[in-house]
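Please open the structure in your viewer and keep the selection panel at hand.

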Amino acid sequence: MSNPVEPFVMFRNVDKSYDGKTNVVDGLDLDIAKGEFLTLLGPSGSGKTTTLMMLAGFEAPSAGTIQFDGKPITDVPTYKRDFGMVFQNYALFPHMSVAENLAFPLRMRKVAKPDITAKVKKTLDIVQLGHLADRKPGQLSGGQAQRVALARSIVFDPKMVLMDEPLGALDKQLREHMQLEIKRLHHELDITMLYVTHDQTEALTMSDRIAVFNDGKIQQIGTPSQMYGSPQNKFVAGFMGENNALNGRISSTGEDGLVSVHLTDFDADMKAVSKEPLQIGDTVKLMVRPERVRLVEKADAGGPAGAFACKVTDTIYYGDHVRLVFGADLNNALTTRVPHDSGSRDWAKGDAVLVSWEPRAAIVFQP
Amino acid sequence: MNGKSKMSWLLVAPLLILVCVGFIIPIGYTLIKAIKNPEITAALPRTTSALENWEWDGKSPPPEAVYEALIADIEQGDRGRNYGSMTRRLNFEQSGSRSIMMKARRIADKIEAPYAVSLPEAVPEFGDGDIWQLIKQNSNPYTARYLLRAMDLTVTLDGSIERVASDQAIFVDLFKRTFVISIWVTVLCVFLGYPTAFWMSTLSDRAAGYVMLLVLIPFWTSILVRTTAWFILLQREGPINAALLGTGLVDEPLRMIFTRFAVYIAMVHVLLPFFILPIYSVMKRLGMEYVKAAASLGAPPWRQFVTVYLPLSMPGVAAGAVIVFMLSVGFYITPALVGGLQDQMVSYYIAFYANQTINLGMASSLAVLLLLFTAATIAIAKKLLPETGSGIRA
Ligand SMILES: Nc1ncnc2c1ncn2[C@@H]1O[C@H](COP(=O)(O)OP(=O)(O)O)[C@@H](O)[C@H]1O
Ligand SMILES: [Mg+2]
């Protein structure tokens, strides 16, 4: 991340409404630094694509301003914006070969013929597709088409690259491979990237910063570890990674932002972090990640947060680990991960255990 | 045959039967009618076989045996329909032949052998070889003469092919006119239909539904009704002229009915939906995605259109244009109603030969040539069109 004082891209108070009634993007403030990899993450319909389309120039904001490199760009047509774009289904021109697709943006910029040839070749080599230059897009596999789309979006040295769920159509293995590839390109080319996805794993592994969207608003923006480790609200806590959400009631408030919570479904008192002003007796949701839930031998081994006894209601085998489920009500169940290797014990339904976590690992939110 | 394939045969059987009965058989029949030539041999079997060994030298008549054969054919033939068709057939090749042959029949009872003397005395045309040569030339069971005539060509008595007299040479012009009208109608449909279909493809589904209804309503009305509507609109006393006169735009009524203009306007109106439907379906599937991609890659609007949208929508244009062209080539009722004599197309003459003069050979020949020329035009157009293999299919 470079100098935050002078953002490369700046959304200020941007609204977008298609029907004049509801804002699908609502009061958006967003800064993107030069060279940054920023991801817009959120459920379907949360306004990510709309935000991207406004930056690309395909949609005009209903209110607010968008600045790029210090200048407002709302009146600049798309073709003058100089942003590379990767569309979800790639939008490779089916009537042109791979090489012609890559040459297209260069032709539009009136680059000399020999330079076009050289640049196309070089870019195809970057994505390791030099041998497919003469193919038509219809003859490419999904992964190859994806890489061609990527190559086409960078071949003309754009000022930044916008990608709207570019890996959505690929299978899991290819997707993970392409995540690394895009990350590598970002480093090699030192280019600003705005990336849209609804896949939180993808966001966590690729981004410098993540902006979580919901209902047209940014819920939280920060580095992947900030987003995962200290979510600011229940939506982010629930959306980023797996989380247990347990019903509880505040039994005491304390210093350090820690509170004691009585867990209704487990009849136990546990400590947790509170980010909101809460009173004794308030009903809350306690969020704690499965990997932070530990099994302990003795009640005091859990430290100041304490521990409570419960019975395993289900075990789920995952290969490298086993998930243990506690609590009768599946919607409010508590799960934990225990490593699974040759030496570890076999868990069975009905086993009685003591459960505990670090107070700082759990957060309470208003339900 | 196992049960499954029996089942599939049963499923396609109605279509196969329909195709055979409604398509292959009539076209085959038409093709054969265009070259079939039974009339002369049917009416004059003896004469034609007697003529086999005779060579026409430009003046000398055939030997007595041929005359005897003709008299025998007249006396022993059915004297009715066959003879009549034969005379019409000869008259088509050489006008005047009909009355010669009729005279021969009338006096056949009254003259005595040797007929080589008595027949020319009664009917002088039998005195030289020409009429005999005409009979001999047309005694093959198949003939190319109808097809040649449909191209304004004829066969002379010595067997060479030459152009018919200019007052009879109408068919080359007719074909040219048919194709010129059809090409213009196609071009007009493309230029009117393409932007319309594009506009429709950008509408919401609901709005597009309503506009589609507007396109389809005329489609559901019979061509005859729509053409009649134009007939009324374009008349000298019709509403268009009334409006023009009323607004003072013109001083006297414009002549619109029975002109080429009327033919174009009515044909384009009838055929436009046939163009809009396929191109709309292509554009609907094409969407704006590629145009957006082109814009993001730096293409200004007109280059977005020329380099991306146009080539990708070309298969739709081709499909629509081929449909419009093929339909307009065969148009009959519209030019017949609103066009003048100089605006009639091939179908008009096909109908004329089929209904008025009952010359099925000529009607079939025109139909066959129309089919061939249309197929050739479309094949050429396909070759000339830019490679659109990877575009969106219609
Ligand atoms: N062109 C459009 N016209 C009308 N509504 C739209 C249009 N595009 C998106 N929307 C609506 O705006 C909301 C946000 O959509 P979008 O930005 O595509 O969300 P996301 O990309 O996060 O899934 C959705 O409710 C969607 O239905
Ligand atoms: Mg989206």
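Begin with strand 15 of chain A and strand 19 (residues 352-356) of chain A, which in this predicted model pair in the antiparallel sense over three bridges. Within this pairing, select Leu295(A), and you will find it standing opposite Val355(A) in strand 19 of chain A.

Now widen the selection to the sheet to which these two strands belong, an open sheet of five strands in chain A, with the order 15-19-16-17-18 and antiparallel pairing. Strand 15 (294-296) and strand 18 (334-339) of chain A stand at the edges and have a single partner strand each, so one side of each is left without a neighbour in the sheet. If you look at how the strands are set against one another, neighbouring strands of this sheet are turned by 55° on average, direction being ignored.

Arg323(A) forms a salt bridge with Glu242(A), in which the closest N and O atoms are 2.6 Å apart. Over all chains, the count comes to 21 salt bridges.

Next, go to strand 1 (residues 9-16) of chain A and strand 4 (residues 63-68) of chain A, which pair in the antiparallel sense over five bridges. Selecting Met10(A) here shows it opposite Gln67(A) in strand 4 of chain A. Both strands are part of an open sheet of four strands in chain A, whose order is 2-1-4-5 and whose pairing is antiparallel. Its edge strands are strand 2 (25-32) and strand 5 (71-72) of chain A, each of which pairs on one side only.

Then select ligand 1 and display the residues around it: Tyr18(A), Val24(A), Pro43(A), Ser44(A), Gly45(A), Ser46(A), Gly47(A), Lys48(A), Thr49(A) and Thr50(A). By class, this shell has three nonpolar, six polar and one charged residues.

Ser46(A), by contrast, contributes a polar backbone atom, which is 3.2 Å from an oxygen atom of ligand 1. Taken alone, ligand 1 exposes 550 Å², of which the protein buries 57%.

The last two stops concern backbone geometry. Most residues other than glycine have a negative phi, and most peptide bonds are trans. Select Asp190(A), whose phi is near 55°, a positive value in a residue other than glycine; Asp190(A) is found in the loop between helix 5 (172-189) and strand 8 (192-197) of chain A. Finally, move to chain B, where the peptide bond from Ala113(B) to Pro114(B) is cis, with omega near -5°. Pro114(B) lies in the loop between helix 6 (97-107) and helix 7 (115-122) of chain B.

Note on methods. Residues numbered from 1 in each chain as written. Chains lettered and ligands numbered in written order. Predicted model: local features only at pLDDT ≥ 70, side-chain atom pairs only at ≥ 80, totals over all residues. Heavy atoms only, no water. Pairing = 2+ DSSP bridges. Axes fitted to C-alpha atoms, helices over the stretch in contact; angles between N-to-C directions. Near = heavy atom within 4 Å. Polar contact = N/O pair within 3.5 Å; in protein donor to acceptor, adjacent residues only side chain to side chain. Areas by Shrake-Rupley, 256 points an atom, 1.4 Å probe, with all protein chains shown as cover. Nonpolar A, V, L, I, M, F, W, Y, C, P; charged D, E, K, R; others polar. Salt bridge = Lys/Arg side-chain N within 4 Å of Asp/Glu carboxyl O.
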